[in-house]
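Dear colleague,

Please find the structure below, handed over for your records. My notes on it follow directly after.

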Amino acid sequence: MLLTGKEKGRQRYSGKLEKVSEEKSSYRSYSFTLKKGKSTIRLIPQSKRPPKVHINVNIDINVIDLGKAYHQLDAKYVNKIEKELGNQLDKKSLETIQIMQKANCDLVGIGERIKAFHPEIWRNLNWEADYPKMNIKPHFKVHILNVDRM
């Protein structure tokens, strides 16, 4: 799972970015493998409410497909794709987190982090009732490794 910054090189991620034109099949596709990933979970305490959680994920990826031939890739295009891909991963991971919260599933390990590093907050939580109400915001920063940036 990309949110944890693990699973590097084991699987290929692919999808489609925004529409290039108004035609039905004019999406830009992408495909990549994870080379290196690191995630940090930051907790922001709230008075009388569950804490806010920010998950910052930095990933270095090897691109397989970016919707253009490699010889057409310039630095501006690659930087734009990094931002677009980061935004898309933000949206997808937020949807995934909301589904996990409805199922009361803490796959990312937020509860473990709170219990280990913020025991006073953990004691005041009713985990099963408060976890689905937590405000969890993921943020991805993507860096593409295997392109020239001249």
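Predicted model: local features only at pLDDT ≥ 70, side-chain atom pairs only at ≥ 80, totals over all residues.

Residues are numbered from 1 along each chain as its sequence is written, and side-chain values use heavy atoms, with hydrogens and water left out.

Helices (H or I, at least four residues) and strands (E, at least two) are DSSP runs, numbered from the N terminus. Strand β4 covers residues 135-144, and its side chains alternate. I136, P138, F140, V142 and I144 point to one face and are buried (under 20% relative accessible area, with exposed over 50% and partly exposed in between; 1.4 Å probe, protein chains only). β4 pairs with strand β3 (residues 49-65) in the parallel sense over ten bridges, where pairing requires at least two DSSP bridges. H143 in β4 is the bridge partner of D60.

The whole structure holds three aromatic pairs (rings of Phe, Tyr and Trp, the last by its six-membered ring, with centres within 6.5 Å; planes under 30 degrees apart are stacked, over 60 edge-to-face, the rest tilted). The W122 and W127 rings have centres 5.4 Å apart and planes at 40°, so this pair is tilted. W122 is partly exposed, at 25% relative accessible area, whereas W127 is buried, at 18%. Ring pairs join W122, W127 and Y131 into a cluster.

Finally, α1 is followed by N104, whose phi is positive, near 55°.

Yours sincerely
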